[in-house]
Amino acid sequence: MQRLIRSESLIPAPRPEELRELQLERLQRTLRHVYGHVPFYREKFDAAGVHPDDCRDLEDLAKFPTTSKDDLRANYPYGMFAVPRNLVRRVHASSGTTGQPTLVGYTEGDLSVWAEVMARSLWAAGVRPGDAVHIAYGYGLFTGGLGAHYGAERLGCTVIPASGGMSARQVRLITDLQPKVIMVTPSYLLALADAFETAGIDPRSSSLKIGVFGAEPWTEGMRAEIEDRFALDAVDVYGLSEVIGPGVAQESIETKDGPHIWEDHFYPEIVDPATGGVLPQGDHGELLFTSLSKTAMPVIRYRTRDLSRLLPGTVYPAFRRMEKVSGRTDDMIILRGVNVFPSQIEEIVLATAGASPHFRIVLTTADRLDQLTVEVEAPPQSRARVAQGISARAKQTIGIRVAVEVVAPGSLERSEGKLRRVVDRREG
């Protein structure tokens, strides 16, 4: 674990009362901005019987209605924009892994804020000016590639814009250019580990010392797998297109205890996923964000669908942490009355000796009952032991019986972007 000298100028350290004062000022300005320029918000606030003037304290935000991905889709393409289109300097779209993509926009000022919070995130991850950063997130409408790119440039790094795919070329670039840092989805880095080994290169011998991973939930088991295979420090970056992109929150390389949220720009809440009621700090629920400084397309109480909880800050005590995302409200599987998340299956697979980290979940129906099959890679000599181990652990830890199909190494599709762990073939 690296021990680093922090830069107070790059990551601010306001006193609690100073931060609350700044948050309230920016929140009130944002509420007035959307009420005056976005018909959707004006109508929604009016229907809820609230007005921006009703927000006199941060706790008053709970009076305002939430915003969902469905709202963004219903107002596609430009209905959520709060500035004239001639002031929009760039548009991005969500990845669309859970449905139709949603469009987001940025003013010149928004892009500057995004670069700032991403540079701040990289600093917290242990990256320093002059470091070479290999970016294997996809470029284009997805926010990952360009968000990481401009943040690394703002910090003063050398950027290698590799984008996603072409794993053999990725291995060659890393081997030849010797970057210290890689930014990519965690599942694709494991695919790159396989590509290194196919090329006859030990991944642990690479120049990579820091991995900044986001765009999909990943477990502590996967962190351990990545750090062991590459001999690097793996840290979590959090963000989503609808809020700004990567850089909303960042885990410190010093503690690896969950991402600190840059609360001077993004105000977090945790709510009960079923009722929408605000939960106290420390309770587990759905994460919401309100933009505090975005101009082109602010979001008010945006329901991320990510499950987490808020905790006090550690390395950066001015900012609260969010617990590592454990799953999403929309990826929960209800199997014979038991709630199952893909992250739970991932932990079981990674804890099973001989099992590859490459797996997928297949849902089917048999005799009118839902069935869950874990497809996982393992060498022939380990197949029986792996199948038995996963089945037993699932029964012990989750309380359900699952089928296990062990396939040959390299059989399952590798993802170059966000990984889809679940294949749903159920009737209806």
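**Close-up views of a predicted model**

**View 1. The lining of the second largest pocket.** In this predicted model, 25 residues line the second largest pocket, and Arg 20, Glu 59, Tyr 267, Pro 268 and Arg 320 are the ones nearest its centre. The volume of this pocket is about 370 Å³. Two elements, helix 1 (16–37) and strand 10 (266–271), each contribute at least two residues to the lining. By class, the lining of the second largest pocket consists of 17 nonpolar, three polar and five charged residues.

**View 2. An aromatic pair within helix 2.** Across the whole structure, 12 aromatic pairs are found. One of them joins Tyr 41 and Phe 45, whose ring centres are 5.8 Å apart and whose planes make an angle of 50 degrees, a tilted arrangement. Both residues belong to helix 2 (residues 39–48), where they are four residues apart, or about one turn of the helix.

**View 3. An aromatic pair between two loops.** The ring centres of Trp 262 and Phe 319 are separated by 5.5 Å, and because their planes stand at 90 degrees, the pair is edge-to-face. Trp 262 is located in the loop between strand 9 (260–261) and strand 10, whereas Phe 319 is located in the loop between strand 13 (310–311) and strand 14 (321–322); the pair therefore ties together parts that lie 57 residues apart in sequence. Trp 262 and Phe 319 are both buried.

**View 4. Charged side chains over tryptophan rings.** Arg 128 is placed over the face of Trp 123, at a distance of 3.6 Å from the ring centre. At Trp 218, the charged end of Lys 324 lies over the ring, 3.5 Å from the centre.

**View 5. The largest cavity.** Two cavities of 30 Å³ or more are found in the whole structure. The largest cavity holds about 40 Å³ of space. Among the residues that line it are Leu 72, Tyr 76, Met 80 and Met 297. Six nonpolar and three polar residues make up this lining, with no charged residues.

**View 6. The second largest cavity.** This cavity has a volume of about 30 Å³. Its lining includes Val 113, Ile 244, His 265, Phe 266 and Lys 294. Four nonpolar, three polar and one charged residues form the lining of the second largest cavity.

How values were computed. Residues numbered from 1 in each chain as written. Predicted model: local features only at pLDDT ≥ 70, side-chain atom pairs only at ≥ 80, totals over all residues. Heavy atoms only, no water. 1 Å grid on protein atoms, 1.4 Å probe; cavity = no way out; pocket = protein on both sides within 12 Å on 5 of 7 lines; lining within 4 Å. Points joined across faces, edges and corners; volume = space filled by probe spheres on them. Nonpolar A, V, L, I, M, F, W, Y, C, P; charged D, E, K, R; others polar. Phe/Tyr/Trp six-rings, centres within 6.5 Å; stacked < 30°, edge-to-face > 60°. Buried < 20%, exposed > 50% of the residue type's maximum accessible area, 1.4 Å probe, protein only. Lys NZ or Arg CZ within 6 Å of the ring centre and 35° of its normal.
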